[in-house]
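Try each task before reading its solution.

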Amino acid sequence: VDLGLARLRLFRVFFLQSLQQQTSQQFVVIIRTDPGLHPTLKYNLLQLLDEFDLPTTLVMTSNETPSSQYSDVLTFPGTVWYGDLEQVRNYFRAFQTNSPSSFSLDR
């Protein structure tokens, strides 16, 4: 859990703060995590996302390696912990050239 919390601090400082400062907020953030992520890490991750309130953010759980970010979102078989999957799907359908950012968090 300690390593996961340290990674969340790095995620906050380097990733979320950077995205929040982007002049264009026309992007999608997809965070893929293990469905068995420790509850403390899950809680802290979701709290960070609420705090930063990025425009289109999705937290997906799956242990499968996607063939591509785009196809994974359109056919996602896992659970969504945060965000609106249908909104992200619609975004990708409308803007198929946009490339999502992603961040992996271990248990």
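**Exercise 1.** Work out how helices α1 and α2 are oriented to each other: roughly parallel or roughly antiparallel?

*Solution.* This is a predicted model, so every value here is computed from predicted coordinates.
- Step 1: α1 covers residues 2-20, and α2 covers residues 39-52.
- Step 2: The two helices pack at an angle of about 15°, and their axes are 11 Å apart.
- Step 3: Angles under 35 degrees count as roughly parallel, and α1 and α2 are therefore roughly parallel to each other.
- Step 4: For the handedness, α1 passes α2 in a right-handed crossing.
- Step 5: To find the packing surface, look on α1 for residues including L5, L8, F11 and L16, and on α2 for residues including L41, L45, L48 and F52.

**Exercise 2.** Determine which strands pair with β2, and in which direction they run.

*Solution.* 
- Step 1: Start with β1 (residues 29-33), which is joined to β2 by 5 bridges; these two strands run parallel.
- Step 2: Check individual pairs: I30 has L58 as its bridge partner in β2, and R32 stands opposite M60.
- Step 3: Turn to β3 (residues 79-82), which is linked to β2 by 3 bridges in an antiparallel arrangement. Here V59 stands opposite Y82.

**Exercise 3.** Decide for strands β1 and β2 whether their residues are buried or exposed.

*Solution.* 
- Step 1: Recall that in a regular strand the side chains alternate between the two faces of the sheet.
- Step 2: In β2 (residues 57-61), T57, V59 and T61 lie on one side, with L58 and M60 on the other, and all are buried.
- Step 3: With 5 of its 5 residues buried, β2 is therefore largely enclosed by the rest of the structure.
- Step 4: Repeat for β1: V29, I31 and T33 point one way, I30 and R32 the other way, and all of them are buried. As 5 of the 5 residues of β1 are buried, this strand is also largely enclosed by the rest of the structure.

**Exercise 4.** Classify S62 as buried or exposed, and find what it touches.

*Solution.* 
- Step 1: Locate S62 in the loop between β2 and α3 (69-74).
- Step 2: Its relative accessibility is 17%; the cut-off for buried is under 20%, so S62 counts as buried.
- Step 3: Leave aside neighbours within four places in sequence, and S62 is in contact with R32, T33, D34, P35 and F76.

Methods: Residues are numbered from 1 along each chain as its sequence is written. This is a predicted model: local features need pLDDT of at least 70, side-chain atom pairs count only at pLDDT 80 or more; totals for chains, interfaces and linings use all residues. Side-chain values use heavy atoms; hydrogens and water are left out. Buried means under 20% relative accessible area, exposed over 50%, partly exposed in between (1.4 Å probe, protein chains only). Helices (H or I, at least four residues) and strands (E, at least two) are DSSP runs, numbered from the N terminus. Two strands pair if DSSP finds at least two bridges between them. A crossover is right-handed if, with the strands pointing away from the viewer, the path from the first strand over the helix to the second runs clockwise. Axes are lines fitted to C-alpha atoms, for helices over the stretch in contact, and angles run from 0 to 180 degrees between N-to-C directions. Angles under 35 degrees count as roughly parallel, over 145 as roughly antiparallel, 65 to 115 as roughly perpendicular and the rest as oblique. A crossing is left-handed if the near helix is turned anticlockwise from the far one by less than a right angle, and right-handed if clockwise. Contact means heavy atoms within 4.5 Å.
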